[in-house]
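Dear colleague,

I am handing over the structure we spoke about, and my notes on it come after it. Please read them with the structure open beside you.

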Amino acid sequence: MTIGDGLVAQIPALLLSTAAAIIVTRVSSPQDMGKQIVSQLFGSSRALAVTAGIIGLLGLIPGMPNLPFLILAGAAGVGAYLIERGHAAEGEVVEEEPEQKPADVAELTWDDVQPVDIIGLELGYRLIPLVDQKQGGELMGRIKGVRKKLSQELGFLVQAVHIRDNLDLSPTTYRISLLGVPMGEAEVHPDRELAINPGQVFGALQGIPGKDPAFGLDALWITAAQREQAQTMGYTAVDVSTVIATHLSTLIQEHAHELLGHEEVQQLLNVLARKAPKLVEDLVPKTVPISVIVKVLQNLLAEGVPIRDMRTIAETLAEHAVHSQDPVTLTNAVRAALGRSIVQHINGLERELQVITLNPELEQLLLQSLQSGGDGGLGLEPGLARRLHDNLRATVERQEVGGKPSVLVVSPQLRTWLARWLRPTLKALHVLGVNEIPDNKQIRVVASVG
């Protein structure tokens, strides 16, 4: 009776606190009082569930009026369950989708400006199996081999080749582009092989006439069954993947100086800094800016000089850059330091180097022309320039017939301008300065051009 009296005495306090809470929380609501009381007392299933749990525990205590407590706990639990299920049913109602408004045009950003591919290869749709390894395509492996070989020869990491299909090309045509500009294009026969005529073949071979895309030699497209016959007759037979990879390799070698930029030069300096940190620290940017180093390395690559020996190049730049920041002057200084490597690249391990020289009177005339022309280069009279070019071409052809390299040796002041003038038309001619020839090489003059 004492416990019951205590519980009954708490009922007025409970009602009073509940009424006070309702009055306080109703200030900002325009809802009816009765509906608000119901919504606050029975709007949350969690409150009834807690109440059911507490009353149920009290109903389990021995000596308590168990049956009334358990009945009240069950009623509260059922109410909590019904309220929770009602909320879940309301959540399952699918709201009508609002009327879709036309999407606003997104504002353009710099992400919409796509950079050009440094090295790109576009294929017609019939050439796509060449890059699919599941179909036996070998072009990806050949391109990887080309990049590795050229990176070792040139001295810097050749960028990856971006390959994609192009429906605007004919089905059997491919196109090679450098820095977004098409540099080479050719049509191939994916089901045949290319038999290249190196100049001396014996007998006639049946096939589709064509040209070697890399070197422009006469060739025939033959079947795989004719391969052995073609090789017996003196032809060089290669598959389509090799044709494309060779063409790509040739173009990269010719334009290697365009592929070398600030990022690649910085990577070269980072690699050199691991072995010679003090050299790199004193060179860039204390002695020479990186832009000048980039230009010097590009000049070397344009003249066919590899840049593998970065230590010698950096030491030479550190020595001469304090006197001049001119890239042409620094390039000549670096070439003189790399003279042994340049001559060995041209003549191998031969002790004797056959060279072509200019007549002393002609060389003096060219020096005077260079001095009067200033930065514009050689100011030659057109007739004289044509005769000089024809005489050099005839000399180069004689050297090629004898299987010997063509090397023109001139004064260091003339070397840069003559090399720049003759490079596009006489690619087989190497123009060296007198200071670039090692002391241990024996020189034999085979021609003097006047």
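This is a predicted model: local features need pLDDT of at least 70, side-chain atom pairs count only at pLDDT 80 or more; totals for chains, interfaces and linings use all residues.

Residues are numbered from 1 along each chain as its sequence is written, and side-chain values use heavy atoms, with hydrogens and water left out.

The largest pocket holds about 1,100 Å³ of space. Here a pocket is an open set of points on a 1 Å grid over the protein atoms alone, where a 1.4 Å probe fits and protein lies on both sides within 12 Å along at least five of seven lines; lining residues have an atom within 4 Å of a point. Grid points are joined across faces, edges and corners, and the volume is the space filled by probe spheres set on the points. The lining of the largest pocket comprises 33 residues, of which Ala302, Glu303, Gly304, Lys427 and His430 are the closest to its centre. By class, this lining has 17 nonpolar, eight polar and eight charged residues (Ala, Val, Leu, Ile, Met, Phe, Trp, Tyr, Cys and Pro count as nonpolar, Asp, Glu, Lys and Arg as charged, and the others, Gly among them, as polar). Among the elements that each supply at least two lining residues are α5 (139–154), α7 (240–254), α11 (290–302), α17 (412–422) and β11 (429–433); helices (H or I, at least four residues) and strands (E, at least two) are DSSP runs, numbered from the N terminus.

Turning to the helix contacts, α5 and α7 pack at an angle of about 30°, with their axes 9 Å apart, which makes α5 roughly parallel to α7. Axes are lines fitted to C-alpha atoms, for helices over the stretch in contact, and angles run from 0 to 180 degrees between N-to-C directions; those under 35 degrees count as roughly parallel, over 145 as roughly antiparallel, 65 to 115 as roughly perpendicular and the rest as oblique. The contact (heavy atoms within 4.5 Å) includes Leu139, Ile143 and Val146 of α5 and Ile244, Ala245 and Leu248 of α7, and its residues divide into eight nonpolar, four polar and two charged.

The axes of α11 and helix α12 (residues 310–320) come within 12 Å and cross at roughly 125°, so these two helices are oblique to each other. Their contact is made by Ile293, Val296, Leu297 and Leu300 of α11 together with Met310, Ile313 and Leu317 of α12, which by class gives seven nonpolar, no polar and no charged residues.

For helix α13 (residues 327–337) and α17, the axes come within 11 Å and cross at roughly 105°, and the two are therefore roughly perpendicular. Val328, Asn332 and Arg335 of α13 meet Pro412, Arg415, Thr416 and Arg420 of α17, a contact with two nonpolar, two polar and three charged residues.

Finally, the backbone: the peptide bond from Val284 to Pro285 is cis, with omega near -5°, and Pro285 is placed in the loop between α10 (277–283) and α11. Leu179, although not a glycine, has a positive phi of about 55°, and Leu179 lies in the loop between β3 (173–178) and β4 (181–187).

With best wishes
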